[in-house]
Amino acid sequence: MKIPLLQKPNSSPIFTGRKAVLERLGKIFVHRADSRLISRRSCLLWGMGGIGKTQICLKFTEEMSDR
(Lines give C-alpha, C1' and ligand atoms only; values in the text may rest on other atoms or scores of the structure.)
Protein backbone atom coordinates (compact mmCIF):
# COMPACT_ATOMS: atom_id res chain seq x y z
CA MET A 1 0.00 0.00 0.00
CA LYS A 2 1.42 3.39 -1.00
CA ILE A 3 1.27 6.22 1.49
CA PRO A 4 0.19 9.46 -0.20
CA LEU A 5 2.60 12.36 0.01
CA LEU A 6 1.41 15.28 2.10
CA GLN A 7 1.02 18.50 0.19
CA LYS A 8 1.59 21.76 1.95
CA PRO A 9 -0.39 24.85 1.04
CA ASN A 10 1.50 27.56 -0.82
CA SER A 11 1.97 31.04 0.53
CA SER A 12 -0.02 33.84 -1.02
CA PRO A 13 1.32 34.98 -4.41
CA ILE A 14 1.00 38.59 -3.21
CA PHE A 15 3.11 38.02 -0.07
CA THR A 16 5.91 40.59 0.08
CA GLY A 17 8.29 42.00 2.62
CA ARG A 18 9.04 40.47 6.01
CA LYS A 19 12.63 39.75 4.93
CA ALA A 20 13.94 40.52 8.42
CA VAL A 21 11.54 38.02 9.99
CA LEU A 22 12.37 35.34 7.41
CA GLU A 23 16.12 35.90 7.92
CA ARG A 24 15.73 35.59 11.68
CA LEU A 25 13.80 32.33 11.28
CA GLY A 26 16.60 31.10 9.04
CA LYS A 27 19.14 31.80 11.77
CA ILE A 28 17.03 29.85 14.24
CA PHE A 29 16.38 26.79 12.11
CA VAL A 30 19.34 26.43 9.76
CA HIS A 31 22.10 24.26 11.16
CA ARG A 32 25.47 25.95 11.28
CA ALA A 33 28.71 23.98 11.17
CA ASP A 34 30.01 25.71 14.30
CA SER A 35 27.01 24.85 16.45
CA ARG A 36 25.97 21.61 18.10
CA LEU A 37 23.52 19.52 16.16
CA ILE A 38 20.05 20.01 17.62
CA SER A 39 17.48 17.65 16.21
CA ARG A 40 14.42 19.76 16.99
CA ARG A 41 13.90 23.48 17.33
CA SER A 42 10.79 25.51 17.79
CA CYS A 43 9.84 29.13 17.46
CA LEU A 44 6.73 31.06 18.41
CA LEU A 45 5.25 33.72 16.15
CA TRP A 46 2.68 35.79 17.98
CA GLY A 47 0.65 38.86 17.26
CA MET A 48 -2.79 40.13 16.41
CA GLY A 49 -4.96 38.17 14.02
CA GLY A 50 -4.55 39.02 10.36
CA ILE A 51 -0.99 40.36 10.44
CA GLY A 52 0.49 37.49 8.40
CA LYS A 53 1.82 34.91 10.86
CA THR A 54 0.58 31.99 8.78
CA GLN A 55 1.88 33.49 5.55
CA ILE A 56 5.32 34.00 7.12
CA CYS A 57 5.41 30.32 8.12
CA LEU A 58 4.26 29.16 4.69
CA LYS A 59 6.83 31.36 2.91
CA PHE A 60 9.61 30.13 5.21
CA THR A 61 8.77 26.47 4.58
CA GLU A 62 8.73 27.13 0.82
CA GLU A 63 12.16 28.75 0.97
CA MET A 64 13.61 25.97 3.15
CA SER A 65 12.07 23.03 1.30
CA ASP A 66 15.09 22.76 -1.00
CA ARG A 67 17.56 22.41 1.88
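A disulfide is a pair of cysteine sulfur atoms within 2.5 Å. A search of the whole structure finds 0 disulfides. This is a predicted model, in which local features need pLDDT of at least 70 and side-chain atom pairs count only at pLDDT 80 or more, while totals for chains, interfaces and linings use all residues. Residues are numbered from 1 along each chain as its sequence is written, and side-chain values use heavy atoms, with hydrogens and water left out. The protein has 2 helices and 0 strands; helices (H or I, at least four residues) and strands (E, at least two) are DSSP runs, numbered from the N terminus. Of the 67 residues in the protein, 12% are buried, where buried means under 20% relative accessible area, exposed over 50%, and partly exposed in between (1.4 Å probe, protein chains only).

**Cysteines**

- The sulfur of Cys43 has its closest cysteine sulfur in Cys57, at 8.0 Å, which is too far for a bond.
- Cys43 counts as partly exposed because its relative accessibility is 36%.
- Cys57 is also a partly exposed residue, with a relative accessible area of 38%.

**Helix H1**

- H1 covers residues 19–29, and its buried residues are Leu22, Leu25 and Gly26.
- Seen down the axis of H1, these buried residues fall within an arc of 105°, so they line one face of the helix; the arc is that of the directions from the helix axis to the C-beta atoms.
- An α-helix has 3.6 residues a turn, so residues three or four places apart point the same way.
- Ala20, Glu23, Arg24 and Lys27 are exposed residues on the face of H1 turned away from its buried side.
- The buried residues of H1 pack against H2, with contact meaning heavy atoms within 4.5 Å.

**Helix H2**

- H2 has 12 residues, 53–64, and should span 16 Å at 1.5 Å a residue; its end C-alpha atoms are 17 Å apart, which agrees.
- The expected span of a helix is 1.5 Å times one less than its number of residues.
- Ile56, Leu58 and Phe60 are the buried residues of H2, and the buried residues of H2 pack against helix H1.

**Nonpolar core**

- The largest nonpolar core has 5 residues in all: Phe15, Leu22, Leu25, Ile56 and Phe60.
- H1 and H2 are the elements that give two or more residues to this core.
- A nonpolar core is a set of buried Ala, Val, Leu, Ile, Met, Phe, Trp, Tyr and Cys residues joined through side-chain atoms within 4.5 Å.
- Leaving aside neighbours within four places in sequence, Leu25 is in contact with Cys43, Ile56 and Phe60.

**Aromatic pair**

- The count comes to 1 aromatic pair, under a rule by which rings of Phe, Tyr and Trp (its six-membered ring) pair if their centres lie within 6.5 Å, with planes under 30 degrees apart counted as stacked, over 60 as edge-to-face and the rest as tilted.
- Phe29 and Phe60 form this pair, which is tilted, at 5.8 Å centre to centre and 45° between the planes.
- The pair links distant parts of the chain, since Phe29 is in helix H1 and Phe60 in helix H2, 31 residues apart.
- Phe29 is partly exposed, with a relative accessible area of 34%, whereas Phe60 counts as buried at 9% relative accessibility.

**Contacts across the chain**

- Among contacts between residues at least 6 apart in sequence, 64% join residues at least 24 apart.
- Gln55, in helix H2, touches Ser11, Ser12 and Phe15, not counting residues up to four places away in sequence.
- The C-alpha atoms of Gln55 and Ser11 are separated by 5.6 Å, although these residues are 44 apart along the chain.
- Gln55 is partly exposed, with a relative accessible area of 24%.

**Segments outside the helices**

- Arg18 is found in the segment before H1 and has a positive phi of about 60° although it is not a glycine.
- Most residues other than glycine have a negative phi, and most peptide bonds are trans.
- Arg18 is partly exposed, with a relative accessible area of 37%.
- Arg41 is found in the loop between H1 and H2 and counts as partly exposed at 28% relative accessibility.
- The C-alpha atoms of Arg41 and Val30, 11 residues apart along the chain, are separated by 9.8 Å.
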